[in-house]
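Here are my notes on this model, point by point. Please read them with the structure open.

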Amino acid sequence: MKNTENKIRENANQIFDSQPAEGHRERFAKKLLSQKKNKRNARIINFGYAASIAAAIIVALIIFKPEFSDSETENISWEDIRIVEVQRYYAKLLDNEINTTKELLQNIDETERSNVLSDIEMMKTDNNIIPNKMTDEEKAAVIVSVYSRKIESLQNLQNNLLAYEK
C-alpha cells in the first residue's frame with residue numbers, strides 16, 4: 001500500500017497533468033456502452049424468467065383446481081361459491097357488531113345482560129334456508145337483507161346502551 005502511495009506522489013505531475021492517450025475517450029465510451037447493454041440484457045433475461053414462472057403458476061392453477069375442504073363448500077358448484085363468500089362476509093360483519101354489543105353490555109345488570117345475550121345467540125343461528133330455485137342474485141339479495149336487518153338491530157341496541165350509560 002505504501003509503495004503505491006509513494007509511486008503516486010513521485011509521479012503526480014505525470015499522472016494528473018498529462019492528457020489521455022489517443023482514442024482513450026472512444027474506448028471508454030465503447031466499454032461504457034457495452035456495460036449498459038449487459039445490464040439491459042440482464043433485465044430482459046430476468047423479466048423472461050419472471051414471466052415464465054408466472055405462466056407456470058397460472059397453468060398449474062388451471063390444471064389443479066383448488067379443492068375446498070370447508071364443510072360449507074363441499075359439493076357446491078363454482079357458481080354457488082360466490083354466494084358462500086357473500087354469506088361469510090356478512091357473517092363476519094355480524095360477528096363484529098355482536099362483539100361490540102357484548103362490550104357495551106358489560107355495564108348493565110346481570111339479569112338483563114343474560115336476556116340480551118340469549119337473544120343475540122338466537123340471532124347468530126342461521127338456518128340457511130334459501131331455495132335452490134332462486135338465482136344467484138336473488139340468493140345474495142336474501143342473504144344481504146337478512147344480515148342487514150340483524151346488523152341494524154344490533155346497532156340500534158348499541159345506540160340504546162350508549163344512551164343508557166349517559
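1. Core. The model is predicted. Its largest nonpolar core has 16 residues. Those touching the most other members are Leu94, Ile98, Leu105, Ile120, Tyr147, Leu154 and Leu161.

2. Overall fold. The protein has six helices and zero strands. Along the sequence the pattern reads α-α-α-α-α-α. Of its 166 residues, 16% count as buried.

3. Aromatic residues. A search of the whole structure gives two aromatic pairs. In one of them, Tyr89 and Tyr90, the ring centres are 5.2 Å apart and the planes stand at 85°, so this pair is edge-to-face. Tyr89 is partly exposed, at 49% relative accessibility. Tyr90 is buried, at 18%, because the cut-off for buried is under 20%. Tyr89 and Tyr90 form one aromatic cluster with Tyr147.

4. Tyr147. This residue deserves a second look. Tyr147 belongs to the aromatic cluster and is among the core residues that touch the most other members. Lys150 lies over the face of Tyr147, 5.4 Å from the ring centre.

5. Salt bridges within a helix. Three salt bridges are found in the whole structure. One joins the side chains of Arg88 and Glu85, at 3.5 Å from N to O. The two residues are three apart in helix α4, so about one helical turn separates them. Arg88 is partly exposed at 29% relative accessibility, and Glu85 is partly exposed at 41%. Another bridge links Glu110 to Arg113, with the closest N and O atoms 3.0 Å apart. These residues also sit three apart, in helix α5, again about one helical turn.

6. Which residue forms a salt bridge with Glu121? The partner is Lys102, and the closest N and O atoms are 3.9 Å apart. Glu121 lies in helix α5 and Lys102 in helix α4, so the bridge ties together parts 19 residues apart in sequence. Glu121 is partly exposed at 37% relative accessibility. Lys102 is partly exposed too, at 27%.

7. Surface patch. Ile8, Ile15 and Phe16 make up a nonpolar patch on the surface. Together they have about 320 Å² of accessible area. Ile15 sits in helix α2 (residues 12–17). With a relative accessible area of 45%, Ile15 is partly exposed.

How values were computed: Residues are numbered from 1 along each chain as its sequence is written. This is a predicted model: local features need pLDDT of at least 70, side-chain atom pairs count only at pLDDT 80 or more; totals for chains, interfaces and linings use all residues. Side-chain values use heavy atoms; hydrogens and water are left out. Rings of Phe, Tyr and Trp (its six-membered ring) pair if their centres lie within 6.5 Å; planes under 30 degrees apart count as stacked, over 60 as edge-to-face and the rest as tilted. Buried means under 20% relative accessible area, exposed over 50%, partly exposed in between (1.4 Å probe, protein chains only). A charge sits over a ring if NZ of Lys or CZ of Arg is within 6 Å of the ring centre and within 35 degrees of the ring normal. Patches are made of residues with over 30% relative accessible area and no salt bridge: like charges are joined within 9 Å, nonpolar side chains (Val, Leu, Ile, Met, Phe, Trp, Tyr) within 5 Å. Accessible areas come from the Shrake-Rupley method with a 1.4 Å probe; for residues, only the protein chains shown count as cover. A salt bridge is a side-chain nitrogen of Lys or Arg within 4 Å of a carboxyl oxygen of Asp or Glu. Helices (H or I, at least four residues) and strands (E, at least two) are DSSP runs, numbered from the N terminus. A nonpolar core is a set of buried Ala, Val, Leu, Ile, Met, Phe, Trp, Tyr and Cys residues joined through side-chain atoms within 4.5 Å.
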